[in-house]
Amino acid sequence: EAISSGRISPEPEQFAPIERMLNLPRPCLLIADDVGLGKTIEAGICLQELIARGRGKRILLVVPPGLIPQWNDEMLEKFGLEFHAIENASSLERAQTSLSEGVKPWAFLDRVITSVEYLKKREVMVNALETPWDAIVVDEAHYLAESGTPRNPYTTARARLGRKLRDAGWALILLTATPHNGYRHS
């Protein structure tokens, strides 16, 4: 839809992730292109294909806090996909007030964008991931890696979130331009 309407003009290599994704029984991708090569476009193409195939009704975008407006704008402008931003307790409260009593925003809303910093909080994570997602996209996914050195590895709240995200959706798309640190535990 985005391509036929002229909202995006993808490069041929931007179709590589969708080709790879379609050949996997459970799509889990790491898109590790350099900065500026269109990881957001690649993720959007993947999401549109999942939607077209009936596998992308519930979508969760997890991005750094400062990128929520940019991601929201790009998904709407380029792909016609609207996401409800739940980025902190007050936006969760606003979402809750717009729904009937007892209806949970994380379960009711089909397309949500949130920040890794908000989602890593235990109570938020439990509520947000209680109802399965069809697709989860994580921008700056390198923040979910285990930390420390091989002699002194440690698990952060972000790494715990990463493991939970892996199990909370059918399709998982991780985006990063940051090289891996080379440590096996990461």
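1. **Ground rules.** This is a predicted model, in which local features need pLDDT of at least 70 and side-chain atom pairs count only at pLDDT 80 or more, while totals for chains, interfaces and linings use all residues. Residues are numbered from 1 along each chain as its sequence is written, and side-chain values use heavy atoms, with hydrogens and water left out.

2. **Confidence.** The chain has a mean pLDDT of 84 (pLDDT being the predictor's confidence in each residue, from 0 to 100), and 80% of its residues reach 70 or more. Confidence is highest in strand S4, at a mean of 98, and lowest in strand S7 (residues 153-154), at 62. Where pLDDT is low, the predicted coordinates should not be read in detail. Helices (H or I, at least four residues) and strands (E, at least two) are DSSP runs, numbered from the N terminus.

3. **The sheet as a whole.** Six strands make up an open sheet with parallel pairing, in the order S1-S8-S5-S2-S4-S3. Two strands pair if DSSP finds at least two bridges between them. Strand S1 (28-31) and S3 are at the edges with a single partner strand each, so one side of each has no neighbour in the sheet.

4. **Strand S2 and its neighbours.** Strand S2 (residues 59-63) pairs with S4 in the parallel sense over five bridges, and with S5, also in the parallel sense, over four bridges. Leu-60 of this strand has Val-112 as its bridge partner in S4 and stands opposite Ile-136 in S5. For Leu-61, the bridge partner in S5 is Val-137.

5. On the side of strand S3 (residues 84-85), two bridges join the parallel pair S3 and S4, and Ala-85 has Ile-113 as its bridge partner in S4.

6. **Helices H2 and H3.** Helix H2 (residues 39-52) packs with H3 at an angle of about 55°, the axes being 11 Å apart. That makes H2 oblique to H3 (angles under 35 degrees count as roughly parallel, over 145 as roughly antiparallel, 65 to 115 as roughly perpendicular and the rest as oblique). Axes here are lines fitted to C-alpha atoms, for helices over the stretch in contact, and angles run from 0 to 180 degrees between N-to-C directions.

7. In one of them, Arg-53 joins Glu-49, with the closest N and O atoms 2.5 Å apart; Glu-49 is partly exposed at 25% relative accessibility. Another links Glu-74 and Lys-78 at 3.1 Å, N to O. These two residues lie four apart in helix H3 (residues 68-79), so about one helical turn separates them. Glu-74 is buried at 17% relative accessible area, while Lys-78 is partly exposed at 26%.

8. Lys-104 and Glu-130 form a salt bridge at 3.0 Å, N to O. This pair links distant parts of the chain, 26 residues apart: Lys-104 is in the loop between helix H4 (89-97) and helix H5 (105-108), and Glu-130 in the loop between helix H7 (122-129) and strand S5 (133-138). Both are partly exposed, Lys-104 with a relative accessible area of 41% and Glu-130 at 46%.

9. **A backbone angle to look at.** Most residues other than glycine have a negative phi. Glu-140 sits in the loop between S5 and strand S6 (147-148) and is partly exposed, with a relative accessible area of 25%.

Conventions
A salt bridge is a side-chain nitrogen of Lys or Arg within 4 Å of a carboxyl oxygen of Asp or Glu. Buried means under 20% relative accessible area, exposed over 50%, partly exposed in between (1.4 Å probe, protein chains only).
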